[in-house]
Amino acid sequence: LSFDLCLRPLELADGAKLAALCPDTRFVLDHCGNGNVQADTAARDAWKRGMEAVARQKNTVCKISGIVVSAKKGAWSADDLAPLVDFSLDAFGPDRVVFGGDWPVCTLTAPLAEWVA
């Protein structure tokens, strides 16, 4: 069985604790832990610490999804999203990262085809 973790950045430590308590369950962290594309440095650093805590649990994977929703509609590029994607890949490793479209929610900011591209 698997369990999706849809957590805000300040809740990531709780997700890490849950994964540690349930080592036989696969946990999927949705939306890169809901990192915000427009976050300031302090918020980004808190998100990184939470992501690292979840990534230390070997029964977790990170789903690259949903982050486009926190970008500025009509004024974002792949370069804006790259820091969150790159950090997720570094923290979890390429064998523990998957992609998800987050359709239809992604359409609040971008059509699915644009987000996937």
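In what sense do β2 and β3 pair, and over how many bridges? The two strands pair in the parallel sense over 3 bridges, where strands are DSSP runs of E with at least two residues, helices are DSSP runs of H or I with at least four residues, and both are numbered from the N terminus. Two strands are said to pair if DSSP finds at least two bridges between them. The model shown in these views is predicted, so that local features need pLDDT of at least 70 and side-chain atom pairs count only at pLDDT 80 or more, whereas totals for chains, interfaces and linings use all residues. Residues are numbered from 1 along each chain as its sequence is written, and side-chain values use heavy atoms, with hydrogens and water left out.

**View 1. The open sheet of parallel strands.** The sheet is formed by 4 strands in the order β1-β2-β3-β4, with parallel pairing. Because β1 (2-5) and β4 (97-99) stand at the edges and each has a single partner strand, one side of each is left without a neighbour in the sheet. From one strand to the next, the twist averages 30°. Between β3 (residues 60-64) and β4, the parallel pairing extends over 3 bridges, and Ile64 stands opposite Phe99 in β4.

**View 2. Strand β2 and the crossovers on either side.** β1 and β2 run parallel and are joined by 4 bridges, with Phe3 standing opposite Phe27 in β2. The chain passes from β1 through helix α1 (residues 12-21) to β2 in a right-handed β-α-β crossover, right-handed meaning that, with the strands pointing away from the viewer, the path from the first strand over the helix to the second runs clockwise. Leu5 has Leu29 as its bridge partner in β2, and Phe27 has Thr60 as its bridge partner in β3. From β2 the chain crosses through α2 to β3, and this β-α-β crossover is also right-handed.

View 3. Leaving out residues up to four places away in sequence, Met51 touches Leu12, Leu29, Cys32, Gly33, Cys62, Phe87, Ser88 and Phe92, contact meaning heavy atoms within 4.5 Å. In soluble globular proteins, nonpolar side chains tend to be buried together.

**View 4. Helix α3 against the sheet.** Helix α3 (residues 78-92) lies across β2, β3 and β4 and runs at about 165° to β3. For this angle, axes are lines fitted to C-alpha atoms, for helices over the stretch in contact, and angles run from 0 to 180 degrees between N-to-C directions.

**View 5. Asp30 and Arg26.** Asp30 is placed in the loop between β2 (26-29) and α2 (41-55), and it counts as buried because its relative accessibility is 8%; buried means under 20% relative accessible area, exposed over 50% and partly exposed in between, with a 1.4 Å probe and protein chains only. The side chain of Asp30 makes a polar contact with the side chain of Lys63 (3.3 Å). Such a contact is a pair of N or O atoms within 3.5 Å; within protein, one must be able to donate a hydrogen and the other to accept it, and residues adjacent in sequence count only if both atoms are side-chain atoms. Arg26, in strand β2, counts as partly exposed at 38% relative accessibility. The C-alpha atoms of Arg26 and Lys58 are separated by 8.8 Å, although the two residues are 32 residues apart along the chain.

**View 6. Trp115 in helix α4.** Trp115 is found in helix α4 (residues 112-116) and is buried, with a relative accessible area of 7%. A polar atom of the Trp115 side chain lies 3.0 Å from the backbone oxygen of Gly101. Beyond residues up to four places away in sequence, Trp115 touches residues including Ile64, Trp76, Leu81, Phe99 and Cys106.
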